[in-house]
Amino acid sequence: PYGIYDMKKNKAYINIGTSAETAEFICDSLKNWWLNHGRNNYPNADEILIFCDAGGANSYRHNIFKVELQNLANEINRRLKIVHYPPYTSKWNPIEHRVFPHITRAIEGIPLNTVDEVKNRIESAKTRTGLTVVADVIRKTYVSGKEVSKDFMDHLKIKFGDSLPRLNYTILPMENCDM
């Protein structure tokens, strides 16, 4: 699963993959959220702020993640401001405290035989403070181990932040992108 937590709405969006966790899967999850929820909830947004852990498929060290983010920015025609939590600090990531414990409790001790059962159990996670969870299944095969070309930076429209530039950057959509 890959989770997106909208702190303003206290709503989690969990995408369950049936293949490998890759940068493409992460960006497909973000696109799924934007197309099905984000653009309706935030119609005037021209930039999406995304907090990410430092490791996994969305690692700041993986150039393929930046390439996939560029593809996403082009496709949805929005700036993507990426802020990675520094290594070993994901314990401060709100999704770790406000979402995943409740999902864990919802599936704890229950045999899960199908992906649809997992989806339904994840969606049953709720809290007294109003957390709701929407889950989707992405049934796409992702190829792991993809690499980027040596000149990949020439194909990115990226602006690194002044503070901790490896962890903070903005991907801008290309002007001539088709929507």
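Visitor: How many helices and strands does the chain have?
Guide: This is a predicted model. Read from one end of the sequence to the other, the chain runs β-β-α-β-α-β-α-α-α-β-β-β. The count is five helices and seven strands.

Visitor: What radius of gyration does the chain have, and what would a compact globule have?
Guide: The C-alpha trace spans about 50 × 35 × 30 Å along its principal axes. For 179 residues, a compact globule would have a radius of gyration near 16 Å, and the value for the chain agrees with this: 17 Å.

Visitor: What share of the contacts with a separation of 6 or more joins residues 24 or more positions apart?
Guide: Contacts here are heavy atoms within 4.5 Å. Among those with a separation of 6 or more, the share from residues 24 or more positions apart is 68%.

Visitor: What is the volume of the largest pocket, and which residues are closest to its centre?
Guide: The largest pocket holds about 730 Å³ of space. Its lining has 28 residues, and the closest to the centre are Ile 4, Tyr 5, Leu 49, Ile 50 and Phe 51.

Visitor: Which element gives the largest share of the lining of the largest pocket?
Guide: The elements that give two or more residues to this lining are β1 (2–6), α1 (23–41), β3 (47–52) and α3 (94–98). By type, the lining residues divide into 19 nonpolar, three polar and six charged. The largest share, six residues, comes from β3.

Visitor: How do the lining residues of the second largest pocket divide by type?
Guide: The second largest pocket has a volume of about 150 Å³. Its lining includes Glu 24, His 62, Glu 68 and Lys 146. The elements that give two or more residues to this lining are α1 and α2 (63–76). By type, the residues divide into four nonpolar, four polar and four charged.

Visitor: How many residues apart in sequence are the parts tied together by Glu 24 and Lys 140?
Guide: The side chains of Glu 24 and Lys 140 meet in a salt bridge, 3.0 Å from N to O. Glu 24 lies in helix α1 and Lys 140 in the loop between β5 (132–138) and β6 (158–160), so the parts tied together are apart in sequence by 116 residues.

Visitor: Is Glu 24 buried or exposed?
Guide: Buried means under 20% relative accessible area. Lys 140, at 34%, counts as partly exposed. Glu 24 has a relative accessibility of 18%, so Glu 24 counts as buried.

Visitor: Which residues are linked with Glu 24 in a network of salt bridges?
Guide: Lys 146 forms a salt bridge with Glu 24, with the closest N and O atoms 3.2 Å apart. Lys 146 lies in the loop between β5 and β6 and Glu 24 in helix α1, so this pair ties together parts 122 residues apart in sequence. Lys 146 is partly exposed, at 42% relative accessible area. The residues linked with Glu 24 in the network are Asp 28, Lys 140 and Lys 146.

Visitor: Which strands does the salt bridge between Arg 79 and Glu 47 link?
Guide: The closest N and O atoms of Arg 79 and Glu 47 are 3.2 Å apart. The pair links distant parts of the chain, 32 residues apart: Arg 79 is in strand β4 (residues 79–84) and Glu 47 in strand β3. Arg 79 is partly exposed at 27% relative accessibility, and Glu 47 is partly exposed at 31%. The strands linked are β4 and β3.

Conventions:
Residues numbered from 1 in each chain as written. Predicted model: local features only at pLDDT ≥ 70, side-chain atom pairs only at ≥ 80, totals over all residues. Heavy atoms only, no water. 1 Å grid on protein atoms, 1.4 Å probe; cavity = no way out; pocket = protein on both sides within 12 Å on 5 of 7 lines; lining within 4 Å. Points joined across faces, edges and corners; volume = space filled by probe spheres on them. Helix = DSSP H or I, 4+ residues; strand = E, 2+ residues; numbered from the N terminus. Nonpolar A, V, L, I, M, F, W, Y, C, P; charged D, E, K, R; others polar. Salt bridge = Lys/Arg side-chain N within 4 Å of Asp/Glu carboxyl O. Buried < 20%, exposed > 50% of the residue type's maximum accessible area, 1.4 Å probe, protein only. Rg over C-alpha atoms; globule rule 2.2 N^0.38 Å.
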